[in-house]
Amino acid sequence: EKFAGETEASLARCKSRELELKRKADRTEELSRKLLADQDRLEQDCEKLCTDQSQLPQHCAAMENEHSEIAQKLREDQDQLHRDRESLEKERSDLKSMRDGILR
């Protein structure tokens, strides 16, 4: 009877240990799946980064070109504004001269 009790206790400990090991194995499997998913995501992110880096010179060139076009348009607009101001001043001067001529 003592031997049967010890055997039952030993079996209970074995079952308990077996459940603990199964939980650890399940957790290890879950972590392994997560790790593989994270590695896949990291590889995708690295590929995207490489693609983005390879396209960076093209984007920079496009932005430089756009900047040059904007700067040229700004210079043209400033030149036109200057011409318009000169024309306006000339018209004012001409009108003042005509008004002074009429008033004399």
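Arg 17 counts as partly exposed, at 43% relative accessibility, where partly exposed lies between buried (under 20% relative accessible area) and exposed (over 50%), judged with a 1.4 Å probe and with protein chains only. This is a predicted model, in which local features need pLDDT of at least 70 and side-chain atom pairs count only at pLDDT 80 or more, while totals for chains, interfaces and linings use all residues. Residues are numbered from 1 along each chain as its sequence is written, and side-chain values use heavy atoms, with hydrogens and water left out.

**Overall form**

- The secondary structure of the protein chain comes to one helix and zero strands, where helices (H or I, at least four residues) and strands (E, at least two) are DSSP runs numbered from the N terminus.
- The protein chain has a radius of gyration of 43 Å, whereas a compact globule of 104 residues would have one near 13 Å; the radius is taken over C-alpha atoms, and the globule rule is 2.2 Å times the number of residues to the power 0.38.
- Along its principal axes, the C-alpha trace of the protein chain spans about 145 × 35 × 10 Å.

- Ser 10 is found in helix α1 and is partly exposed, at 32% relative accessibility.
- Between the C-alpha atoms of Ser 10 and Arg 75, which are 65 residues apart along the chain, the separation is 93 Å.
- Asp 94 also has its place in helix α1, and with 35% relative accessibility it counts as partly exposed.
- The C-alpha atoms of Asp 94 and Glu 69 are separated by 37 Å, and these two residues are 25 residues apart along the chain.

**Surface and charge**

- Buried residues make up 0% of the 104 residues in the protein chain.
- The protein chain exposes about 10000 Å², of which carbon and sulfur atoms supply 57%; such areas come from the Shrake-Rupley method with a 1.4 Å probe, and for residues only the protein chains shown count as cover.
- There are 21 positive and 26 negative side chains in the protein chain, and the centres of the two sets lie 5 Å apart.
- In this count Lys and Arg are positive and Asp and Glu are negative, while His and the chain ends are not counted; the place of a charge is taken as NZ of Lys, CZ of Arg, CG of Asp or CD of Glu.

**Salt bridges**

- The count comes to 12 salt bridges, a salt bridge being a side-chain nitrogen of Lys or Arg within 4 Å of a carboxyl oxygen of Asp or Glu.
- One of them joins the side chains of Glu 20 and Arg 17, at 3.4 Å from N to O; because these residues are three residues apart in helix α1 (residues 2–103), they are separated by about one helical turn.
- Glu 20 is partly exposed, with a relative accessible area of 28%.
- Another salt bridge links the side chains of Glu 29 and Arg 33, at 2.9 Å from N to O, and since these residues are four residues apart in helix α1, about one helical turn separates them.
- Both ends of this pair are partly exposed, Glu 29 at 47% relative accessibility and Arg 33 at 49%.
- The side chains of Lys 73 and Asp 77 also meet in a salt bridge, at 3.0 Å from N to O, and these residues, four residues apart in helix α1, are likewise separated by about one helical turn.
- Lys 73 counts as partly exposed at 46% relative accessibility, and Asp 77 is partly exposed with a relative accessible area of 39%.
- Elsewhere, salt bridges that share partners join Arg 17, Glu 20 and Lys 24 into one network.

**Cysteines**

- The structure holds zero disulfides, a disulfide being a pair of cysteine sulfur atoms within 2.5 Å.
- For Cys 46, the closest cysteine sulfur is that of Cys 50, and because the two sulfur atoms are 6.7 Å apart, they are too far for a bond.
- Cys 46 is partly exposed at 40% relative accessibility, and Cys 14 is partly exposed as well, with a relative accessible area of 48%.
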